[in-house]
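I opened the model today to look up the ligand site, the sheet and the ring pairs. My entries follow the order in which I checked them.

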Amino acid sequence: MIIAPKIRGFICTTAHPEGCAQHVAEQIAVVKSRGPIANGPKKVLVIGSSTGYGLSSRIAAAFGCGADTMGVFFEKPAEEGRCGTAGWYNSAAFEKEAAAAGLFARSFNGDAFSDAMKAEVCAAIKADFGQVDCIIYSLASPRRTDPKTGEVYKSVLKSIGESYTNKNLNTGNGVVDEVTIQPAEGDDIKNTVAVMGGEDWEMWIDALLAENLIAPGTQTVAYSYIGPEITWPIYKNGTIGAAKEDCERVQRGLDAKLSDLGGKAWVSVNKALVTQASSAIPVVPLYISLLYKVMKAEGTHEDTIEQMDRLLRDRLYNGNPQPDEAGRIRVDDWEMTPAVQALVAERWNNVCSENLNELADFEGYQASFLRLFGFGLAGVDYAAETDPNVAVPSLS
Ligand code: NAD
């Protein structure tokens with residue numbers, strides 16, 4: 001099968017197995033080039049480990065800290081003429097690289113929100129690890145089935161209070177126009193908090209604690225975003241921001257629960273980056289395109305792997321997490337420097353379809369987006385036949 005990108009709106013419905021493997025290999029190379037992470041964890045559970053920040057967290061833990069990892073995700077293998085998802089191919093490649101490096105890796109494909117998945121993973125930890133010493137929570141999902149009631153919650157990306165109009169980039173054709181986002185109504189806020197808030201993170205920690213599967217000194221971290229004021233109505237002050245606030249509430253509770261074990265719970269605020277989840281948020285792709293241009297020019301641009309390497313190496317495991325006034329870890333620090341933000345804000349005011357390529361790194365945005373699905377990687381022959389049937393070793 002020859003696999004080419006098929007883009008529908010903000011998703012790509014195809015993924016290239018060798019390209020995804022190359023993307024994983026490049027991420028591993030970044031971590032290895034920085035040398036081992038001293039004092040890192042050795043038995044790591046990553047929930048949401050197949051793409052974006054979670055995949056990079058798993059790679060940094062394994063190839064930086066030398067950790068054995070378990071990863072949970074929701075992906076699809078290839079079937080009858082259809083290729084698998086990028087997260088499936090990433091996980092297959094990760095496991096092969098981990099095995100070659102002598103690292104244990106086991107993956108779980110299914111609904112992380114369910115009690116059944118928690119029970120399966122707890123049993124595996126008991127059998128293979130005894131205990132975990134780091135738990136990374138990196139789920140991004142549009143819906144969640146409540147494991148107790150069976151109710152299905154759908155998250156929405158809406159403002160709260162008033163409707164919100166701002167510039168927007170159509171990533172399909174490079175047109176800068178305007179988008180108006182309607183405010184949340186009914187149960188929108190409650191439902192978004194139920195999906196993207198902290199409840200499920202807490203359920204995971206409670207399930208692990210109940211079976212004594214958390215080692216002394218364990219750290220757990222969930223990811224958040226704050227960003228600049230231009231995005232606040234849709235992000236920080238919108239429905240997704242309410243969910244992130246809920247993560248911080250849960251973090252404080254988990255921190256107290258883990259303190260008996262000498263452990264810590266954190267929320268890490270990460271940089272805005274192109275991932276499958278962020279490309280679905282209105283306004284954000286234009287902001288990211290402007291941000292990439294500024295940060296690449298100043299030499300401070302990072303992708304998910306550099307971010308997660310820095311989180312483990314320079315915050316969580318170097319004894320100097322540098323929390324902000326609210327107790328959050330900030331690896332969005334370089335994004336949020338006043339100089340970067342002033343330039344992005346100025347260009348935000350001036351950007352239009354005609355000067356997009358001059359003021360913003362739309363090319364870089366598109367290239368990053370395609371790389372998420374294994375396209376555009378050096379050394380991959382995209383004209384060649386490729387077998388879409390790739391096994392994730394621990395799942396076959
Ligand atoms: P992503 O879409 O790349 O990854 C989501 C992961 O969740 C995948 O591994 C997917 O398989 C898994 N997943 C989704 N639903 C699942 C389910 N029901 N069961 C099991 N696994 C499931 O997203 P991302 O951008 O890396 O987001 C991860 C976290 O980082 C989110 O909390 C997000 O808000 C946060 N974050 C993202 C950005 C950004 O710019 N992308 C910035 C800061 C923080």
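These are my notes, beginning with the ground rules.

**Ground rules.** I am working with a predicted model, where local features need pLDDT of at least 70, side-chain atom pairs count only at pLDDT 80 or more, and totals for chains, interfaces and linings use all residues. I number residues from 1 along each chain as its sequence is written, and I take side-chain values from heavy atoms, with hydrogens and water left out.

**Ligand shell.** I asked how many residues surround the ligand. I found 30, and the closest are S50, Y53, A112, K244 and T275. A residue is near if one of its heavy atoms lies within 4 Å. I sorted the shell by type and got 13 nonpolar, 13 polar and four charged residues. Here Ala, Val, Leu, Ile, Met, Phe, Trp, Tyr, Cys and Pro are nonpolar, Asp, Glu, Lys and Arg are charged, and the others, Gly among them, are polar. α2 (52–65) and β11 (214–224) each give the shell at least two residues.

**Polar contacts.** I then looked for N or O pairs within 3.5 Å. A polar side-chain atom of T51 sits 2.8 Å from a ligand oxygen. For E75, a side-chain N or O atom is 3.0 Å from an oxygen atom of the ligand. L273 uses a polar backbone atom, 2.9 Å from a ligand oxygen. The ligand alone exposes 840 Å², and the protein buries 92% of that. The areas are Shrake-Rupley values with a 1.4 Å probe.

**Ring pairs.** I counted seven aromatic pairs, with ring centres within 6.5 Å (planes under 30 degrees apart are stacked, over 60 edge-to-face, the rest tilted). One of them, Y53 with Y223, is tilted, at 5.9 Å centre to centre and 55 degrees between the planes. Y53 is in helix α2 and Y223 in strand β11, so this pair ties together parts 170 residues apart in sequence.

I traced seven strands in an open sheet, in the order β5-β4-β3-β6-β11-β12-β13, with parallel pairing. Strands pair if DSSP finds at least two bridges between them. β5 and β13 (329–330) are the edge strands, each pairing on one side only. β3 (residues 43–47) joins β4 through five bridges, and K43 has D68 as its bridge partner. β4, helix α3 (residues 86–100) and β5 form a right-handed β-α-β unit.

Which way do β9 and β10 run? I found them antiparallel, with seven bridges between residues 164–170 and 175–181. L169 is partnered by V176. Four residues separate the strands, and G174 takes a positive phi near 75 degrees.

Terms used: Polar contact = N/O pair within 3.5 Å; in protein donor to acceptor, adjacent residues only side chain to side chain. Right-handed = clockwise from strand over helix to strand, strands pointing away. Phe/Tyr/Trp six-rings, centres within 6.5 Å; stacked < 30°, edge-to-face > 60°.
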